[in-house]
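User: I am new to this structure and would like a close look at a single part of it. Please set that part within the whole as you go.

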Amino acid sequence: MFFIRARRAQGVDEATLAYKAPLGIIGSGVALFFCVLVVFTRSFGVFIHNPEKYGNFDYKTFITSYIGIPLYVMAFAGWKLWKKTEVIKPHNADIWTGKAEIDREEAEYVAMAAIEDQNLSGWKKVYRNGLAWLF
């Protein structure tokens with residue numbers, strides 16, 4: 001979601017991307033919602049009344065299930081305060097570092113694949129061009 005915001009702020013066209021998420025920012029938002037839902041409801045049984053086990057509230061399961069949430073928030077806030085970092089604005093985000101190396105590697109791969117395609121014959125060519133997508 002932050003990458004999409006940075007890309008839009010810097011005017012990078014979506015057509016220039018090699019991969020696009022099928023549902024875009026809406027799909028990312030839905031996925032984030034379900035991740036948060038799972039985090040908060042994964043141990044909902046701790047809130048259900050069970051007189052055989054610790055009375056009305058199972059504090060041990062509650063602590064072990066939900067301790068990660070405040071620990072993560074404290075670690076994130078502590079890092080921000082300790083290092084005095086700030087949230088990067090979308091128009092200042094670095095989305096170009098390493099792109100030249102990736103483009104070079106992809107050009108090499110495409111050239112190598114073209115040479116391999118020229119050397120294929122018979123069933124290998126049929127498999128590569130028609131059946132390989134199945135597996």
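Analyst: What follows looks at one residue, Glu14, and then at the protein around it.

This is a predicted model, in which local features need pLDDT of at least 70, side-chain atom pairs count only at pLDDT 80 or more, and totals for chains, interfaces and linings use all residues. Residues are numbered from 1 along each chain as its sequence is written, and side-chain values use heavy atoms, with hydrogens and water left out.

Glu14 lies in the loop between helix H1 (2-9) and helix H2 (24-41), where helices are DSSP runs of H or I with at least four residues, strands are runs of E with at least two, and both are numbered from the N terminus. Because its relative accessibility is 38%, Glu14 counts as partly exposed, a class that falls between buried (under 20% relative accessible area) and exposed (over 50%), using a 1.4 Å probe and protein chains only. Once neighbours within four places in sequence are set aside, Glu14 is in contact with Arg7 and Lys20, contact meaning heavy atoms within 4.5 Å. Ile4, which is 10 residues from Glu14 in sequence, is 9.2 Å from it in space, C-alpha to C-alpha.

Turning to the whole, the protein has 6 helices and 0 strands. Its radius of gyration is 25 Å, well over the 14 Å that the globule rule gives for 135 residues, so the protein is more spread out than a compact globule; the radius is taken over C-alpha atoms, and the rule is 2.2 Å times the number of residues to the power 0.38. The C-alpha trace spans about 75 × 45 × 25 Å along its principal axes, and 9% of the 135 residues count as buried.
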